[in-house]
Every structure is written in C-alpha cells, then in structure tokens.
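Try each task before reading its solution.

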Amino acid sequence: MTKAFITGIQNMTNTIGVIGLGNMGRNMAATLVKKSFTVIGFDLSETACKQAAEQGVIAATHLSTLTEQCNIIILSLPKAEHVEAVCLGDNGLIHVVSPRTTIIDTTTSVPETSRMVAAEFSKQNIAFLDAPVSGGPAGAATGTMSMVIGGEMEAYKQVLPVLEAMSSVRVHVGDVGAGNIAKIANNMLAAAHLITTAEALTLAEKAGVDPEKVLEAINAGSGRSGASQAMFPTWVMTKAYDSGFTMGLMRKDVGLAKTLAQSLNLTLPMAMQTAALWEDSAQKLADSDDFCCIAQCTNPLLFGKEDEV
Ligand code: NAD
C-alpha cells in the first residue's frame, strides 16, 4: 500500500488500527472491513500481513503509518510481554501515538500490565481499555465475540460503535485490569471444564454407555458447560481439533489464573489441580496443538486421532 493512498484516507474516526493479525486479530480486522471501517493492520509476520491484506486490510510496514491515520487502535497480541513491548518499548506506540487516541487491548493479558500501560498512556491523554475476548476466530470473523472490558466509562462509550461491530455481548466489568481479571476467571473455568468433561465421558464409556449419547444427556442436564456444549461437539468428538486456539495460549491463561490466585494468597484447590494438569500436558502436547487436545491426556484412545493412538 502506497503512502499516498494511506495519506488519502480522510475519515479518522472510521479508520481503525489493528496490531497483531493472527487468528483473532486478522478476523477482527476483516469483520471491521466488512462493516465499512477502513482498517490499517500491523504484524511482525509477513504471512499474517499478507493474509489480512487478502481480506481488505491495509497492511502497514511501520507502526507510525498506523498511528498517523488511526485514533482507535486494537491490539491482539499473544501475551502481556508483547503488549508491553508494543506499547512502551523503544519503538512502541507511546513514542508515536497521537493524543486523544484510544487503545483497545483484546489480548488475554496480565491485569497489572494493563494498569501499568494505561497509567503511562494517560500521561499523554491516551485512553487504554483492556478488552479480552471469547468466541475464537469464528466469533471474531462474524462479529459475535463476547468482550469483557476494563477502563474508564467515557473511553468505553467513545469506542462503543467499534466494539459493537466486533461483538454481540459486552460487559464493562470495572476499572482498567478488570477485563483481564474477568477473562482469566472465565478461562480458568473453561480449562477445568475441558478436563472434567473428558473425565465424565471416560467414566460413562468405561461403564458401557456411548459417550456421544452421554454428551447429549449432559447438555440436557445441569453438568453442561461451554466445553460440553461447544468444544466437545465441534472439536473433540469430531477429532477436528482446529479451533484456532492453541495449547500454548491456554496454558498461558491457566498460568495467569494460578499466578493471580497465588498473589492473593488464595487456596483454590480445583484451580491449582487444573493448572497442574495443564502444565503436565506440555510433556505430551506441543504449544502449537489445539487446546481441545487436552482431552487426549485423560483418554488418548477415546479422544485421540486414530492414526496417533
Ligand atoms: P496468534 O498467535 O494467532 O496471533 C498473534 C499475532 O501477534 C501473531 O500474528 C504475531 O506475529 C503477532 N505479534 C506478536 N508480537 C508482535 C509485535 N511486537 N508487533 C506486531 N505483531 C506481533 O494469537 P491469537 O490466537 O490471535 O490470540 C491473540 C490473543 O487473543 C491472545 O492473547 C489469546 O490468548 C487471545 N484469545 C485467543 C482466542 C483464540 O481462539 N485464538 C480466543 C480468545 C482469546
């Protein structure tokens, strides 16, 4: 994309920056394009930029190209350390972003990092919301994600049309950092439910009942969860294992829950056992494997791909 073309983009409020064009960021950017926003994207990976460009995103080669054109910038990065580097690093946003910009960080990150980064930006009159998401790449691609948002209400209201374009449910949960606390709590449950559902189906199978039927029964009963209603039918029982969310990222989220609990001196035995099982899974499952593969650690015969068991 030529500089002349980018300079020609007139409508600042309708031009959104997206930094991190991976499984989530690329699909969020494509959704905004479909909803008539102009989207300028940036990623360190050429492949990610190319894939986003195929979906109508203008791929910038420098962060400054993006910050010159956008007063709303969405981050979709792997971890808190990436957020800190992109925001406050030597070549980070803090050095190039215009005042009155709002940064929406959809990364599942560390609450303390959100608070620290927001405090630095606020010195320059830049708003920062932590707004982690649920719904996976499919939810990002269809604008039906759930978002949990922390930060100043005024900044939240200002960017609401953009959040509405990306999501079907939004919960403003409190001050900056609260979004990530809510997301960590949610993913701690999702991580546990994947394992408990695998255990329930193993129990039923060993007792001689068809696990497919038992899954149907659980989903009609009080034991149901996002794991039983969405993850098992879509990715585990089909053995598709192509959700677009990796073991590495879920292990990170479970680790965030463990660290948060420890920092608060809490005794949460189920959470700690869940964390231990996800940590142990690293011996069998690579970071790049689908997160639903955790079911295979409970029962490789039932949940493993035929050619792998
Ligand atoms: P991903 O690894 O597919 O994408 C991350 C992208 O960030 C990559 O393309 C990478 O090149 C890019 N990146 C890394 N450092 C960068 C930098 N300094 N500058 C620019 N780009 C950089 O990850 P994802 O699955 O899209 O997840 C993104 C975030 O969303 C994570 O925090 C994850 O936990 C969270 N999340 C993911 C899902 C999912 O289903 N994939 C669901 C909910 C939440």
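**Exercise 1.** How much space lies in the second largest pocket? Then describe its lining.

Solution. The model is a predicted one.
- Step 1: the second largest pocket holds about 520 Å³ of space.
- Step 2: its lining has 23 residues, and Thr102, Ile126, Ala127, Ala155 and Gln158 are the closest to the centre.
- Step 3: sort the lining by class. There are 11 nonpolar, 8 polar and 4 charged residues.
- Step 4: look at the elements. At least two lining residues each come from α6 (111-122), β6 (127-130), α8 (153-158) and α9 (160-166). With 3 residues, α8 gives the most.

**Exercise 2.** Classify the aromatic pair of Phe121 and Phe128: what is its geometry?

Solution. 
- Step 1: the count of aromatic pairs comes to 3.
- Step 2: in the pair of Phe121 and Phe128, the ring centres lie 6.2 Å apart, with 20 degrees between the planes.
- Step 3: planes under 30 degrees apart count as stacked, so this pair is stacked.
- Step 4: both Phe121 and Phe128 are buried.

**Exercise 3.** Which parts does the pair of Phe245 and Phe291 tie together?

Solution. 
- Step 1: Phe245 and Phe291 pair edge-to-face, at 4.9 Å centre to centre and 65 degrees between the planes.
- Step 2: Phe245 sits in the loop between α12 (226-236) and α13 (247-263), and Phe291 in the loop between α14 (269-280) and α15 (294-298), so the pair links parts 46 residues apart in sequence.
- Step 3: Phe245 is partly exposed, at 22% relative accessible area, whereas Phe291 is buried, at 5%.

Methods:
Residues numbered from 1 in each chain as written. Predicted model: local features only at pLDDT ≥ 70, side-chain atom pairs only at ≥ 80, totals over all residues. Heavy atoms only, no water. Phe/Tyr/Trp six-rings, centres within 6.5 Å; stacked < 30°, edge-to-face > 60°. Buried < 20%, exposed > 50% of the residue type's maximum accessible area, 1.4 Å probe, protein only. Helix = DSSP H or I, 4+ residues; strand = E, 2+ residues; numbered from the N terminus. 1 Å grid on protein atoms, 1.4 Å probe; cavity = no way out; pocket = protein on both sides within 12 Å on 5 of 7 lines; lining within 4 Å. Points joined across faces, edges and corners; volume = space filled by probe spheres on them. Nonpolar A, V, L, I, M, F, W, Y, C, P; charged D, E, K, R; others polar.
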